[in-house]
Amino acid sequence: MGWLALLAVGMSAVIVAAFLFVPPVRGLGPTTAILFFHVPPAWVAVSAWLLSLFHSMFYLRRGDLRSDRKAAVHAELGLVFCAITVITGAIWARGTWGVFWNWDPRQTSALMLLLIYLAYPGLRGAIADPIRRARSSAAYAIFAFATVPFLMFVVPRAFPSLHPSPIIGGETGGGLGPAARVVFAASLVAFTGLYAWMYGIRLRLEMLADRPADRDGALSDGLAIGERRPPCPPGHRAA
Amino acid sequence: MRIPSCRSRPLEAAAALFIKDLRVEFRSLMSWGLLAASAAGITIATSFAFGGILPDPLTAAALLWIIVLLVAMTGLPQTFVREQEQGTAWTVRLWADPAPVLAAKLGLNFLLLLGLAALVVSLYGLLFNLPLAAPAALAGSVLGGCAALAGSGTLLAAIAAGTGARGLLLPLLAIPLQLPSLAAAVQSTAMAITGEGGATLRAALVLLAAQTAVSGLMSFMLFRYIWDEG
């Protein structure tokens, strides 16, 4: 629980610092605070989809259903963080451009990715057989990720955009003061921690859903929800 | 009767499967006929809604590709569904490797899309008096757009065909992934209608070719995991 408390404190500190202590950044003005809740979720979403890609490839290579569950959890959480990116982006656009949506290449790309990964849980829900579901989902996750570099990195640079330059290594990044840089890094760490926490919970739920229960609702291995299996004695392998 | 395997000759296998699928389509004429009728009906309704006056080229091109895409969503999985319903899928699996099967299905879906696009463009010409400022560019746009849509749509159609909710699932899976291809096809078609373009038109066509190549390559890599599962 220690690191969870640390995460809560860290996220709270980022929120307070973003709104109260960071001076307006050149090019962003009064909407600067959005930066700390818009860019980190975007990075987390792309990382989550990358992990989903790796686990999908592991599944197709080894046929281990645990990889399939991990891929599914990463893809679904990536969707959540992409939704945060799109919503905070629209709020920022309203403050800066006067409208929530204007089909800017970056907005469009993020929305397309949201739609692409929105189909992933739909696909999983449509297939009852676990093996067929795992194979189809893995193929779709790999196919879908092929669009991520194009939509996330090529389109925003290939088409004229009103969106500020990339934060890391871009003009705006150069405009970040020391305080903003610290808060930005803290926000990145906090969102990654939040992601790791959500991933742990979601994966445990996925694993529990596959454990058969008897008529009284007790799980087949006799462990309560959240209870850990005792370590095996030396020389024995876990079932 | 012993069916000779074609595993050592993938090109022959792909050609044979393509001809088999084409023959099956033309014997029934039902599914492609219905798709053509749907496309014609929607195009006529569009022309009626616009009072026969061609909207600006970008809107006209967008409508054209949306009609093709929506009708194709019904048609793309048909070739896989038919194999399952007629009980021929396992014979095809035993007879040929997945790559020739995909090549044949890709070819068939490309032909289907091309037919639908040609029909819609022809009806546009009749109903809207579509000016053809650059016919070669329009042909290139239609070919590129159909190839890009077939390239990604065929694998997704194979995935959707294996589920119970294929009618709802394919648009959900395919439309977001096909939006970049759709955007490039709309841009190039609009420029072909106006006769403008040059470098921009070439860039859109190159983008379509690149999307076709990437999605085609990915499809060939992944198809066996979908197809072998049955």
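Hi everyone. Before we start, one term: when I say two residues touch, I mean they have heavy atoms within 4.5 Å of each other. And please keep in mind that this is a predicted model.

Let's begin with B:Leu156. Leaving out residues up to four places away in sequence, B:Leu156 touches A:Tyr140 and A:Phe143, along with B:Leu170, B:Leu173, B:Ala174 and B:Leu177. B:Leu156 also belongs to the largest nonpolar core, which has 135 residues. Among those with the most contacts inside this core, you'll find B:Leu156 listed with A:Phe36, A:Tyr117, A:Tyr140 and B:Trp65. And which helix gives the most to this core? That's helix α7 of chain B, residues 135-161, with 14 residues.

So let's stay with α7(B) and look at a partner, helix α6 of chain B, residues 98-128. The two pack at an angle of about 140°, and their axes are 8 Å apart. Angles over 145 degrees would count as roughly antiparallel, so α6(B) and α7(B) are oblique to each other. The crossing is right-handed. On the α6(B) side, the contact includes B:Leu102, B:Phe110 and B:Val121, while α7(B) brings in B:Leu138, B:Cys146 and B:Thr154, among others. By class, that contact has 14 nonpolar, three polar and one charged residues.

Last stop, over in chain A: A:His55, in helix α2, residues 35-62. Is A:His55 buried or exposed? Buried, because its relative accessible area is 14%, and the cut-off for buried is under 20%. Setting aside neighbours within four places in sequence, A:His55 is in contact with A:Ser67, A:Lys70, A:Ala71 and A:His74.

Note on methods:
Residues are numbered from 1 along each chain as its sequence is written. Chains are lettered from A and ligands numbered from 1 in the order in which they are written. This is a predicted model: local features need pLDDT of at least 70, side-chain atom pairs count only at pLDDT 80 or more; totals for chains, interfaces and linings use all residues. Side-chain values use heavy atoms; hydrogens and water are left out. A nonpolar core is a set of buried Ala, Val, Leu, Ile, Met, Phe, Trp, Tyr and Cys residues joined through side-chain atoms within 4.5 Å. Buried means under 20% relative accessible area, exposed over 50%, partly exposed in between (1.4 Å probe, protein chains only). Helices (H or I, at least four residues) and strands (E, at least two) are DSSP runs, numbered from the N terminus. Axes are lines fitted to C-alpha atoms, for helices over the stretch in contact, and angles run from 0 to 180 degrees between N-to-C directions. Angles under 35 degrees count as roughly parallel, over 145 as roughly antiparallel, 65 to 115 as roughly perpendicular and the rest as oblique. A crossing is left-handed if the near helix is turned anticlockwise from the far one by less than a right angle, and right-handed if clockwise. Ala, Val, Leu, Ile, Met, Phe, Trp, Tyr, Cys and Pro count as nonpolar, Asp, Glu, Lys and Arg as charged, and the others, Gly among them, as polar.
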